[in-house]
Amino acid sequence: MERLARLLKFGVTTVEVKSGYGLSYADEIKCLEVIAELNDEGPWELVPTFLGAHAIPPEFHDKRGEYVDLLIQRMLPEIAHRHLAEFCDVFCDEGAFTVKETAAIFTQAQKLGFRLKLHADELTALGGAELAARYGATSADHCYALRRRE
């Protein structure tokens, strides 16, 4: 509330707010519920973005496919059903989600009505920016490691 009040003092009335730091079903839902509650509290418009694919949680280090399945089969449908997020964002980069995993998440997110965003190619040029373009993502952010492909 303090940060939102400060933003209002500077004339900011619309703010994107992302989940992505809980990395569990319960914590991601809780973050998005808090965003919804804050949105109801004031004169601002909060735009919720689900970023459950921000990192692979440590407990899924050796079974990353299970985490991707959790995102696709459980988290995204619940968030869509409850209208808790407008966007789905994925961190597609080395050490995060692969292009193939991101495409699977994007496919399900689009089917459920989410608009797409991507943290793309921040550390390594994996092709995330191209993937964002292919899926018609609203944005591809970071993109520090882009390189021209011949």
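Tutor: A residue is called buried under 20% relative accessible area, exposed over 50% and partly exposed in between, using a 1.4 Å probe and protein chains only. This is a predicted model, so local features need pLDDT of at least 70 and side-chain atom pairs count only at pLDDT 80 or more, whereas totals for chains, interfaces and linings use all residues. Residues are numbered from 1 along each chain as its sequence is written, and side-chain values use heavy atoms, with hydrogens and water left out.

Helices (H or I, at least four residues) and strands (E, at least two) are DSSP runs numbered from the N terminus. Two strands pair if DSSP finds at least two bridges between them. The sheet is open, has 5 strands in the order E1-E2-E3-E4-E5, and its pairing is parallel. Its edge strands are E1 and E5 (139–142), each of which pairs on one side only. From one strand to the next, the twist averages 25°; axes are lines fitted to C-alpha atoms, for helices over the stretch in contact, and angles between N-to-C directions run from 0 to 180 degrees.

H3 touches E2 and E3, and its direction makes about 155° with that of E2. H4 touches E2, E3 and E4, and its direction makes about 175° with that of E3.

Valine 17 has proline 48 in E2 as its bridge partner, and lysine 18 stands opposite threonine 49 in E2. E1, H2 and E2 form a right-handed β-α-β unit; right-handed means that, with the strands pointing away from the viewer, the path from the first strand over the helix to the second runs clockwise.

Beyond its neighbours within four places in sequence, serine 19 is in contact with residues including Cys31, Thr49 and Phe50. Proline 43 lies in the loop between H2 and E2 and counts as exposed because its relative accessibility is 66%.

Alanine 120 stands opposite histidine 142 in E5. The chain crosses from E4 through H5 to E5 in a right-handed β-α-β crossover.

A nonpolar core is a set of buried Ala, Val, Leu, Ile, Met, Phe, Trp, Tyr and Cys residues joined through side-chain atoms within 4.5 Å. The largest one has 41 residues, of which Phe50, Ile79, Cys88, Phe97 and Ile105 touch the most other members. Elements giving two or more residues to this core include H2 (25–41), E2 (45–53) and H4 (99–111), while H3 supplies the largest share, 8 residues. Threonine 102, found in H4, counts as buried because its relative accessibility is 0%. Apart from residues up to four places away in sequence, threonine 102 touches Val90, Cys92, Phe97, Leu118 and Leu131.

Conventions: Contact = heavy atoms within 4.5 Å.
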